[in-house]
Amino acid sequence: MIASLGMYDFGPAMAANDRFWALVRDGLRARGIAAPDTLTRGEGAYWPAWEAPDLVLSQTCGYPFRARLHGRVTYVGTPDYRVEGCPPGYYRSVFVVRTDDPRQTLQQFDGAAFAYNEALSQSGWAAPQTHAAKLGIRLSPALRTGSHRLSAQAVAEERADIAALDAVTHALLQDVEPFMSRLRQIALTDPTPGLPYIAATGADAAATFDAIAGAIAALSPGDRAALRLSGIVRLPEAAYLAVPNPPAPEALQPVT
């Protein structure tokens with residue numbers, strides 16, 4: 001059995017996630033669902049967990065869900081982080097640039113060096129590229145970093161001009177990373193469905209949803225604040241599948 005909550009699992013959120021998982025685990029067991037004692041962390045918390053036949057619970061990103069996982073996992077529900085300007089269960093990306101960059105609008109970053117975490121990230125790649133295309137500008141994929149934190153750091157250290165972080169990560173990073181003081185928000189993407197909770201095919205989605213809802217309600221105010229977590233909702237899976245997929249980074253590289 002495996003469970004992971006790796007998407008927002010750094011700084012104070014790590015200990016809060018451990019306590020959150022303990023509540024979810026006990027709720028699952030009370031409903032007759034076997035669950036591991038502890039969370040899996042590191043690289044095993046992502047694709048190895050998402051594709052595991054004995055996955056009890058994990059959180060993935062909307063892009064991997066619609067591109068590879070839909071039909072191969074059970075959609076359980078979507079956490080609600082009460083992201084400003086978004087419906088329940090939705091989130092958006094925050095474009096960040098250096099505080100000393102003289103450009104004042106996103107349109108002025110046409111052709112700018114863009115740092116992104118990975119090509120299958122909704123908030124770090126898909127949403128910002130879709131948003132840029134709608135504005136008629138191009139964000140050049142200059143640096144693949146592997147994480148939102150490293151994308152933000154790359155901009156702060158002048159290795160890229162701009163990056164996009166999901167709004168929850170942006171808030172969490174502001175609490176723990178000094179380099180965030182060298183960055184400012186310049187624009188926001190449109191809201192899209194948030195990061196879904198998933199389980200292996202055949203899992204009892206309703207019972208798992210109820211266990212998570214009970215765990216969120218039982219969290220201490222401090223842990224709820226550390227996780228930015230306010231509830232869980234069920235969104236139509238079609239809402240995820242309707243989000244557009246942008247070209248891959250390779251397709252946007254300049255021709256030499």
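Here are a few friendly questions and answers on the aromatic rings of this predicted model.

Local features need pLDDT of at least 70 and side-chain atom pairs count only at pLDDT 80 or more, while totals for chains, interfaces and linings use all residues. Residues are numbered from 1 along each chain as its sequence is written, and side-chain values use heavy atoms, leaving out hydrogens and water.

Me: How many aromatic pairs are there?
Reply: Rings of Phe, Tyr and Trp (its six-membered ring) pair if their centres lie within 6.5 Å; planes under 30 degrees apart are stacked, over 60 edge-to-face, the rest tilted. By this rule, the count is eight.

Me: What is the angle between the planes of Tyr-46 and Trp-50?
Reply: The centres of these two rings are 6.1 Å apart. The pair is edge-to-face, with the planes at 90°.

Me: Is Trp-50 buried or exposed?
Reply: Buried means under 20% relative accessible area, exposed over 50%, and partly exposed in between (1.4 Å probe, protein chains only). Because its relative accessibility is 5%, Trp-50 counts as buried.

Me: Which residue has its charged end over the ring of Trp-47?
Reply: A charge sits over a ring if NZ of Lys or CZ of Arg is within 6 Å of the ring centre and within 35 degrees of the ring normal. Here the charged end is 4.8 Å from the centre of the Trp-47 ring, and it belongs to Arg-68.
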